[in-house]
Amino acid sequence: IRKTMRRVAASSVRGFNRRRVTASYRCYASFKTPQDLRYTKTHEWVRLDNSSSIATQGISDYAQQELKAVVYVDLPSVGQSVKKGETIASLDSQKATAECYAGVTGEVVEVNEKLNDQPNLVNNDPYGQGWIAKVRVAESGDVQSLLDAPAYEQMLKDHEHH
């Protein structure tokens, strides 16, 4: 997620993990991190389907809480080629605009059209109805290189202490 603060002069940060968390934010333990998912260091999640060829992607609970109320999601196009680490979608909230990065390289095969009318699904159900896109995985090693849930939780914990 890349965050551009509207109220802070030209502040652009790659990922929420580089933003200093102040005492007003909740500790890492208050964020949901389903154990069956993989995570990026920029707070996106990836879930492989049973065939391991389609990866569903969204933003983490931590990311959606940082953004606050999402009011618009600019979805990728079906058929679009995406590369791991490159922008796949953009999310607007009253607080910021955030870029969502692809967790895997491949082709977008489906997007969550519900987000056009209900962008708040990203906040209300980030790991369920708030998913952003499904990508046909081109490079099988992409998913294995992502953080598992315990590693992601440790990253949040380490970030909290900086």
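I first looked up Lys134 and Glu110, whose side chains meet in a salt bridge at 3.9 Å, N to O. I take a salt bridge as a side-chain nitrogen of Lys or Arg within 4 Å of a carboxyl oxygen of Asp or Glu. Lys134 lies in strand 11 and Glu110 in strand 10, so the pair ties together parts that are 24 residues apart in sequence. Strands here (E, at least two residues) are DSSP runs, numbered from the N terminus.

I note the basis of these entries: this is a predicted model, local features need pLDDT of at least 70, side-chain atom pairs count only at pLDDT 80 or more, and totals for chains, interfaces and linings use all residues. Residues are numbered from 1 along each chain as its sequence is written, and side-chain values use heavy atoms, with hydrogens and water left out.

**Accessibility of the first pair.** I found Lys134 partly exposed, with a relative accessible area of 23%, and Glu110 partly exposed at 37%. The scale I use calls a residue buried under 20% relative accessible area, exposed over 50%, and partly exposed in between (1.4 Å probe, protein chains only).

**Other salt bridges.** I record three salt bridges in the structure. Glu107 and Arg136 meet through their side chains at 3.9 Å, N to O. This pair links distant parts of the chain, with Glu107 in strand 10 (residues 106-111) and Arg136 in strand 11 (residues 133-137), 29 residues apart. Glu107 is partly exposed at 34% relative accessibility, and Arg136 is partly exposed at 42%.

I then looked up Asp36 and Arg47, which form a salt bridge at 3.8 Å, N to O. Asp36 sits in the loop between strand 2 (12-14) and strand 3 (38-39), and Arg47 in strand 4 (residues 44-48), eleven residues apart. Asp36 counts as exposed at 55% relative accessibility, whereas Arg47 counts as partly exposed at 27%.

I traced an open sheet of seven strands in the order 7-10-11-5-4-3-12, with antiparallel pairing. Its edge strands are strand 7 (81-82) and strand 12 (147-148), each pairing on one side only. Two strands pair if DSSP finds at least two bridges between them. Strand 5 (residues 54-59) is joined to strand 11 by four bridges. Gln57 has Ala133 in strand 11 as its bridge partner.

**Confidence.** I read an average pLDDT (the predictor's confidence in each residue, from 0 to 100) of 84 for the chain, with 81% of the residues scoring at least 70. Over residues 2-28 the pLDDT is below 50. Where pLDDT is low, the predicted coordinates should not be read in detail.

Terms used. Contact = heavy atoms within 4.5 Å.
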